[in-house]
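Have the structure open while you read.

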Amino acid sequence: MAYETRNPYTGELLEAYPDATDTEVHQAIENAHVAFLSWKEAGFAERARVMHSAATILRRDVDFFANLLTVEMGKLVAEAKAEIALSADIFDYYANNAEVLLAPEKLPVANLDEGDAVLSAEPLGVLLAIEPWNFPFYQVARIAAPQLSAGNTMLLKHASNVPQAAAAFEKLMLEAGLPQGAFKNLYATRSQIETIINDPRVHGVALTGSEGAGSIVAAQAGKALKKSTLELGGADAFVVLADAEMEKTINWAVFGRHWNGGQVCVSSKRMIVVDDVYDQFLEGYTAGVAKLRVGDPADPTTTLAPLSSEAAANEIKDKIRQAVSCGATATEVGPKVPCSGAFVQPTILTNLSEDNPARYWEFFGPVSMLFRAKDEVDAVRIANDSPFGLGGSVFTADPKRGADVAKQISTGMVFVNHPTMAKADLPFGGIGRSGYGRELIGLGIREFVNHKLISVVDIDAPF
């Protein structure tokens with residue numbers, strides 16, 4: 001597993017890092033455990049001070065952090081700065097709310113004369129976070145901020161192509177005032193990941209990544225009897241009803257599919273359009289994609305970024321070929337992308353029959369699947385015809401109708417008149433092949449705490 005920074009726009013290898021040694025891994029676990037013993041006793045006010053400090057540093061040094069994202073995985077400058085801003089918001093959210101979210105809850109016991117019962121939340125200990133490259137800071141912030149605020153400590157195994165971002169996050173937490181060892185980045189190997197999960201001082205693992213990686217890690221965690229959460233792939237439905245405001249809907253569709261180069265688990269990957277407006281949508285969508293500007297992600301005028309690596313680009317191109325071999329129609333649209341760099345030509349896939357396996361895949365790049373639905377009922381059927389269940393959206397001029405349709409779509413999140421999005425004060429997570437567990441808000445901070453019952457009972461109470 002080679003940890004290296006390779007510019008996806010130029011293909012240039014900028015820096016390489018050695019894998020962690022076994023000694024480093026074992027020492028990191030021990031340090032995290034020792035740090036936990038004191039950090040769990042720190043009050044919420046002290047933890048909040050550190051979280052607020054991290055947010056302040058992110059906003060102060062936004063250009064530095066954003067540049068890392070652009071160089072390492074090709075994120076557009078504006079999108080990189082937005083990611084850093086969102087990460088800062090998440091730190092502030094938990095600084096402001098962690099104590100309330102984890103406040104002891106007095107339970108309504110049946111007979112108050114016999115005593116009372118309180119449910120308290122206590123940190124578990126050392127956690128392992130395994131995170132992907134597509135949002136190198138946000139993905140880490142949304143697990144680190146709540147769990148550190150809860151009193152846990154953390155080891156980070158980040159994606160191998162964003163090693164500088166991973167190191168920068170560790171430095172950020174130290175500068176913010178987190179105790180040594182409480183957050184440690186490790187350039188760990190696959191075998192070392194299993195070692196970490198099996199260590200008795202480690203009490204849980206949170207993974208955001210592919211289905212394959214999630215399946216392996218969940219199995220390892222289950223065998224070790226450790227709590228796990230998984231945020232995996234997605235193939236979000238973008239449902240367009242006949243009364244949708246078409247121009248605005250098309251603009252959101254172009255954005256929803258192509259932000260971050262299309263490399264988002266909640267990208268609008270499946271455009272499901274009712275028959276009455278299908279042709280109008282297709283024409284407008286094609287024209288909208290044509291307005292994208294391809295180029296250097298460091299150039300503020302660029303709106304279509306390269307993929308994170310040439311390997312990722314080649315994988316998408318191969319998936320397109322497989323879809324076509326199984327009967328789909330692939331139409332290249334948008335600006336002509338360069339032959340060099342990790343670019344993929346924006347492509348629309350149509351005629352995806354139910355026996356075409358590509359219909360059920362996740363395309364992690366600028367590939368749009370378009371489906372013609374007979375009507376609203378058929379649109380819901382197609383939306384639910386997916387192994388994934390992460391996010392989705394419904395576009396209509398009638399918000400109440402949109403909410404009614406949203407209730408029928410089987411995912412963890414559905415937005416009306418907006419593509420699936422992430423905010424510091426909204427929960428994030430899915431069902432089905434998209435994983436389990438939730439991140440952010442109160443749901444996220446309570447994933448890795450011990451919900452301990454303390455019941456004081458009158459000694460004379462009956463059994």
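## Cysteines

A disulfide here means a pair of cysteine sulfur atoms within 2.5 Å. With that cut-off, a search of the whole structure turns up zero disulfides. This is a predicted model, where local features need pLDDT of at least 70 and side-chain atom pairs count only at pLDDT 80 or more, while totals for chains, interfaces and linings use all residues. Residues are numbered from 1 along each chain as its sequence is written, and side-chain values use heavy atoms, with hydrogens and water left out.

How accessible are the cysteines? Buried means under 20% relative accessible area, exposed means over 50%, and partly exposed is in between (1.4 Å probe, protein chains only). Cys265 is buried, at a relative accessible area of 8%, whereas Cys326 is partly exposed at 36%.

## Around Glu83

Glu83 sits in helix α4, which covers residues 77-101. Helices (H or I, at least four residues) and strands (E, at least two) are DSSP runs, numbered from the N terminus. Is Glu83 buried or exposed? Glu83 is buried, with a relative accessible area of 4%.

Now look at what surrounds Glu83. Leaving aside residues up to four places away in sequence, Glu83 touches Leu69, Lys75, Asn134, Phe135, Pro136, Phe137 and Tyr138; contact means heavy atoms within 4.5 Å. A polar atom of the Glu83 side chain lies 2.7 Å from the backbone nitrogen of Phe137.

## A three-stranded sheet

Next, a sheet. Three strands, in the order β3-β4-β20, form an open sheet with antiparallel pairing. The edge strands, each pairing on one side only, are β3 (105-107) and β20 (449-457). Two strands pair if DSSP finds at least two bridges between them.

Strand β4 (residues 115-123) and β20 pair in the antiparallel sense over nine bridges. To find your way along this pairing, look for Ala117, which stands opposite Ser455 in β20.

## The whole chain

Zooming out, the chain has 14 helices and 20 strands. Its C-alpha atoms fill a box of roughly 75 × 55 × 40 Å along the principal axes. The radius of gyration, taken over C-alpha atoms, is compared with a globule rule of 2.2 Å times the number of residues to the power 0.38. For 463 residues, a compact globule would come out near 23 Å, and the chain has 23 Å, which agrees.

Of the 463 residues, 54% count as buried. Among contacts between residues at least 6 apart in sequence, 72% join residues at least 24 apart.

Note on methods. A polar contact is a pair of N or O atoms within 3.5 Å; within protein, one must be able to donate a hydrogen and the other to accept it, and residues adjacent in sequence count only if both atoms are side-chain atoms.
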